[in-house]
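Hi,

Here is the structure I promised to pass on.

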Amino acid sequence: MFRRTVRVLAALTLAAAATLVATVTTAAPAQADGCYTWSRQLSEGMTGEDVRQLQIRVAGYPGYNAVLGVDGAFGPATRSAVIRFQQAYGLGADGIAGPLTFNKIYALQDDDCTPVNFSYAELNDCNSDWSGGAVSASTARFNALVNMWKLQAMRHALGDQQLRVTSAFRSHACNNAVGGSATSRHLYGDAVDIGASPHSLCTLAQQARNHGWREILGPGYPGHSDHTHVAHKSSRTWSASSCGVS
Ligand SMILES: [Zn+2]
């Protein structure tokens, strides 16, 4: 009797283990990714590093004249950004990041976590280690990463045509060499200059208002007749008077 009970229990345990394995297998992410793989669905109210990773990827969808915080807390602004991202790619726009949303992000990112159409090298033709700016090298590099996701969003909004980066991160030495302002956001790694063609500088300045940049300088602003400058900043400075951007 006792031995029989043990045998039955053992069989039940094996069955349960098999069920568990099957469950774990089917619940696994639809696609493993070389950069980062999300392991749970994310929605408003959740917190964590996975939320923060999501916020970096949707930082280019904050809405007009807004900046999305990258703080690991999934609040209403993150939900709105996810909805705009989903709408931009024709996904069901429910503001919940699930497998379809993550698969789109996986398709958009390289193994080093940069979006497919931009690279660290492109955002830094000053040096290779991101040193010598106004912030630590790791901060400058991170700022550039967030900026690349904003650029990717703007690129998609403008018909997936090239955005031509002409200057981004600068060390103090590089900034001095090009006569940049002593307080230039290029020293922080969160500024990008974009040249004309295929888009006009005004198209770039106008569209940039939707993608998370508080500093936009373009045609009409001194020294910006051959590029549109976008950057992060604590307060809004939009000046491209020839384009109606102010
Ligand atoms: Zn600039």
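**What covers helix α2**

The buried residues of α2 are covered by parts that include α3 (76-88), α4 (99-108) and α5 (137-157). Contact here means heavy atoms within 4.5 Å, and helices (H or I, at least four residues) and strands (E, at least two) are DSSP runs, numbered from the N terminus.

Before you go further: this is a predicted model, so local features need pLDDT of at least 70 and side-chain atom pairs count only at pLDDT 80 or more, while totals for chains, interfaces and linings use all residues. Residues are numbered from 1 along each chain as its sequence is written, and side-chain values use heavy atoms, with hydrogens and water left out.

Back to α2 (residues 49-57): seven of its nine residues are buried, so the helix is largely enclosed by the rest of the structure. Buried means under 20% relative accessible area, exposed over 50%, and partly exposed in between (1.4 Å probe, protein chains only). The buried ones are Asp 50, Val 51, Gln 53, Leu 54, Gln 55, Ile 56 and Arg 57.

**Salt bridges**

How many salt bridges does a search of the whole structure find? There are six, counting a side-chain nitrogen of Lys or Arg within 4 Å of a carboxyl oxygen of Asp or Glu.

One of them joins Asp 50 to Arg 40, at 2.6 Å from N to O. That pair links distant parts of the chain, since Asp 50 sits in helix α2 and Arg 40 in the loop between α1 (2-27) and α2, ten residues apart. Asp 50 is buried at 10% relative accessibility, whereas Arg 40 is partly exposed at 33%.

Glu 49 also pairs with Arg 52, with 3.0 Å between the closest N and O atoms. Both belong to helix α2 and are three residues apart, about one turn of the helix. Glu 49 is partly exposed at 40%, and so is Arg 52 at 25%.

Arg 185 and Asp 190 form another salt bridge (2.7 Å, N to O), and both residues are buried.

**The zinc ion**

Which protein donors does the zinc ion have? They are His 186 (NE2), Asp 193 (OD) and His 229 (ND1), lying 2.0 Å from the ion. Donors are N, O and S atoms within 2.8 Å of the metal (3.2 Å for Na, K and Ca); water is not among the atoms, so sites may look incomplete.

Along the chain the donors follow the spacing H-x6-D-x35-H. Asp 193 lies in strand β2 (residues 191-195) and His 229 in strand β4 (residues 228-231), so this pair ties together parts that are 36 residues apart in sequence. Asp 193 is buried, at 3% relative accessible area, and His 229 is buried too, at 5%.

Cheers
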